[in-house]
Amino acid sequence: MRILLALPAALLAGTLHAHGLSHSAQPGSAVIVELRYADGSPFSYESAEVYRPAETVPFLVGRTDANGRLAFVPDRSGDWRVRAFSEDGHGGDFTVAAAPDGRASAPSAGLGTLGGLAVGLAVIFGIFGIWSVFVWRRS
């Protein structure tokens, strides 16, 4: 019986990354960050903020374009924080290593699909385990 309950939950775990947001950065005289939903569609016309390294006041506040991109010209080297978010809860907060001479790189966008799936399964089995203990104590 428990296997029958756990199997659909495990199969649904793949949908947990629906709020995921991936990004990539293109080096050049300006840093171009492209943001996409987990399904690959662009993060279009959503709010974004860019922060200089170790600062809390935004360097840039704006929106992504129709293709989910935003661009900024760094005036110093370091890890620039990019925060993008939508009103429905999608978003991301990550850093991009950038320099005024145009070098940029994007670190990993988080857990990735496989990591997200593992976290989703762990949460589902954790909830199932707590529920099992609760039922076992009542009987």
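Accessible areas here come from the Shrake-Rupley method with a 1.4 Å probe, and for residues only the protein chains shown count as cover. On that basis the protein chain exposes about 8700 Å², with carbon and sulfur atoms supplying 63% of it. Keep in mind that this is a predicted model: local features need pLDDT of at least 70, side-chain atom pairs count only at pLDDT 80 or more, and totals for chains, interfaces and linings use all residues. Residues are numbered from 1 along each chain as its sequence is written, and side-chain values use heavy atoms, leaving out hydrogens and water.

**Overall layout**

The protein chain has two helices and eight strands, where helices (H or I, at least four residues) and strands (E, at least two) are DSSP runs numbered from the N terminus. Going along the sequence, the pattern reads α-β-β-β-β-β-β-β-β-α. Of the 139 residues, 27% are buried; buried means under 20% relative accessible area, exposed over 50%, and partly exposed in between (1.4 Å probe, protein chains only). Take the contacts (heavy atoms within 4.5 Å) with a separation of 6 or more: 49% of them join residues 24 or more positions apart.

**The β1/β2 pair**

Strand β1 covers residues 21-26, with Leu21, His23 and Ala25 on its covered face and Ser22, Ser24 and Gln26 on the uncovered one. Its partner β2 (residues 31-37) runs antiparallel to it over six bridges; two strands pair if DSSP finds at least two bridges between them. Within this pairing, serine 22 sits opposite arginine 36 in β2.

Most residues other than glycine have a negative phi. Here are two that go the other way.

| Residue | Phi | Loop | Relative accessible area |
|---|---|---|---|
| Tyrosine 45 | about 55 degrees | between β2 and β3 (47-51) | 53% |

**A nonpolar patch**

Val119, Val123 and Ile127 make up a nonpolar patch on the surface, with about 260 Å² of accessible area together. Patches are made of residues with over 30% relative accessible area and no salt bridge, joining like charges within 9 Å and nonpolar side chains (Val, Leu, Ile, Met, Phe, Trp, Tyr) within 5 Å. A salt bridge, in turn, is a side-chain nitrogen of Lys or Arg within 4 Å of a carboxyl oxygen of Asp or Glu. Valine 123 belongs to helix α2 (residues 112-138) and is partly exposed, at 46% relative accessible area.
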